[in-house]
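Dear colleague,

Here is the structure I promised to pass on to you. Please have it open beside this message while you read.

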Amino acid sequence: MEANITQDAVGTHIDWSHDGVTPRMIDWFWSNMEKGFLLWHPAQHEPLQWAVPVRHGNPIGSIHIAPQTWNDGTRQNLYIRFERIEDVPLAVRDYICYEHVVIVAGLGLGEEALTANDPLGFRLHQYEKTDAGVVGKSTAIGARKKEGPEEGKVWAAHCIEEIGTWGDFLPQLYDLYKVVKNPAYNPFADLSVDGRGREARYRHIR
């Protein structure tokens, strides 16, 4: 994987690319994170649980609990919700420039986060196919919790290590689960969008 970090007044951004990984594989991953969360970052992740499970065809509103320890030694038991594009701030939507989009909100660090309406911050992951695989961009934008350049660098280091492992396990895991036809155990959602920036809307999710 190739990756490049940039920062601006809004947040921290990582431009990345993979050979041999497809947008469909990454779309599948977001609805099946419990199957690969330890593989996504073996050194820092603990097993993932769904507080609000994914629905086949639509992960919006689902909440996963993602315990992890970042490079600075801080352990976080994060509650993270998949967001509707239309519901997030324009400052987040303005960065949408690729065909497949996931936006999640960090809600907090305990069960009280399940009713939180004031996210700590947002993460935007987006990607599209290339001749060799996929090209993408991941962005961290603070909200209730402000994220300066140093916090952004800590997140970026963790995120690059996560995304970097997709090439190691995702094609194989995706292929293995093709035999599971029951969508209750192997859900999928197409996360492609029409439009870019604040005009972007999911093509298949309403």
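This is a predicted model: local features need pLDDT of at least 70, side-chain atom pairs count only at pLDDT 80 or more; totals for chains, interfaces and linings use all residues.

Residues are numbered from 1 along each chain as its sequence is written, and side-chain values use heavy atoms, with hydrogens and water left out.

The sheet is open and consists of 8 strands in the order β1-β2-β8-β7-β6-β5-β4-β3, with antiparallel pairing; strands here are DSSP runs of E with at least two residues, helices are runs of H or I with at least four, and both are numbered from the N terminus. Two strands count as paired if DSSP finds at least two bridges between them. At the edges are β1 (2–7) and β3 (49–52), each of which pairs on one side only. On average, and with direction ignored, neighbouring strands are turned by 25° against each other; axes are lines fitted to C-alpha atoms, for helices over the stretch in contact, and angles run from 0 to 180 degrees between N-to-C directions.

At one end of the sheet, β1 and β2 form a hairpin with 4 residues between them, and these two antiparallel strands are joined by 6 bridges, with Glu2 having Ser17 in β2 as its bridge partner. Strand β2 (residues 12–19) is in turn joined to β8 (residues 133–142) by 8 bridges, again antiparallel; in β8, Ser138 is the bridge partner of Ile14 and Ala140 that of Thr12.

Turning to the helices, α1 lies across β2, β3, β5 (75–82), β6 (100–108), β7 (121–129) and β8, and runs at about 150° to β7. Of the 9 residues of α1, 8 are buried, so this helix is largely enclosed by the rest of the structure; buried means under 20% relative accessible area, exposed over 50% and partly exposed in between, with a 1.4 Å probe and protein chains only.

The axes of α1 (residues 23–31) and α4 (residues 149–176) come within 10 Å and cross at roughly 85°. That makes α1 roughly perpendicular to α4, a term used for 65 to 115 degrees, with under 35 counted as roughly parallel, over 145 as roughly antiparallel and the rest as oblique. On the α1 side the contact (heavy atoms within 4.5 Å) involves residues including Trp28, Phe29 and Trp30, and on the α4 side residues including Trp166, Phe169 and Leu170.

Helix α2 (residues 33–40) lies across β3, β4 (63–69) and β5, at about 15° to β4. Its buried residues are Met33, Lys35, Gly36, Phe37 and Trp40, and what covers them includes α1, β3, β4, β5 and α4.

The largest nonpolar core has 58 residues, of which Ile26, Phe29, Trp30, Met33, Ile103, Trp166 and Leu170 touch the most other members; such a core is a set of buried Ala, Val, Leu, Ile, Met, Phe, Trp, Tyr and Cys residues joined through side-chain atoms within 4.5 Å. Its largest share, 9 residues, comes from α4.

Lastly, Ala113 lies in the loop between β6 and β7 and is buried, with a relative accessible area of 3%. Leaving aside neighbours within four places in sequence, Ala113 is in contact with Tyr79, Leu107 and Gly108.

With best wishes
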